[in-house]
Amino acid sequence: DMDTKGLIQEFKGHSQKVTGLQVFRDYQAALSCSWDRTINTWDIAKGCCLSTHTQRAGGINAMALAEDQIQVVSVGQERKITFWNLSETKPLQVVTDAHTAEGNC
């Protein structure tokens, strides 16, 4: 709460450093990515994880939510660009050898 500077909600679910956060336009859900190889979708009001998308190897350094609020792109330690549809568990597409070093945005 910005007025009281108090904690409103705490989200627990990642086992390593959280590297990115995005809130959906309707403020009902949020996405987080982590070095634990996952992208989690959160119910903001309830503080619970709605879904988890797991990358095969390497932590996720950054992600971006598409304008349609359904697709996400992520980059990370495995030097690939991964495209996700939030309604599916497996990646839509993986661009291999996209970077010579870890991907960051």
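The points below take up the sheet, a charged pair and a histidine.

This is a predicted model, in which local features need pLDDT of at least 70 and side-chain atom pairs count only at pLDDT 80 or more, while totals for chains, interfaces and linings use all residues. Residues are numbered from 1 along each chain as its sequence is written, and side-chain values use heavy atoms, with hydrogens and water left out.

1. An open sheet of four strands runs in the order β1-β2-β3-β4 with antiparallel pairing, where strands are DSSP runs (E, at least two residues) numbered from the N terminus and two strands pair if DSSP finds at least two bridges between them. Because β1 and β4 stand at the edges with a single partner strand each, one side of each has no neighbour in the sheet.

2. Within this sheet, β2 and β3 (residues 38–43) are joined in the antiparallel sense by five bridges, and leucine 31 has threonine 41 in β3 as its bridge partner.

3. The count of salt bridges (a side-chain nitrogen of Lys or Arg within 4 Å of a carboxyl oxygen of Asp or Glu) comes to one. Arginine 25 forms a salt bridge with glutamate 67, with 3.4 Å between the closest N and O atoms. Arginine 25 sits in the loop between β1 and β2 and glutamate 67 in the loop between β5 and β6, so the pair ties together parts 42 residues apart in sequence.

4. Histidine 53, in strand β4 (residues 48–54), counts as buried at 2% relative accessibility, buried meaning under 20% relative accessible area (1.4 Å probe, protein chains only). A polar atom of the histidine 53 side chain lies 2.7 Å from the backbone oxygen of glutamate 88.

Conventions:
Buried means under 20% relative accessible area, exposed over 50%, partly exposed in between (1.4 Å probe, protein chains only). A polar contact is a pair of N or O atoms within 3.5 Å; within protein, one must be able to donate a hydrogen and the other to accept it, and residues adjacent in sequence count only if both atoms are side-chain atoms.
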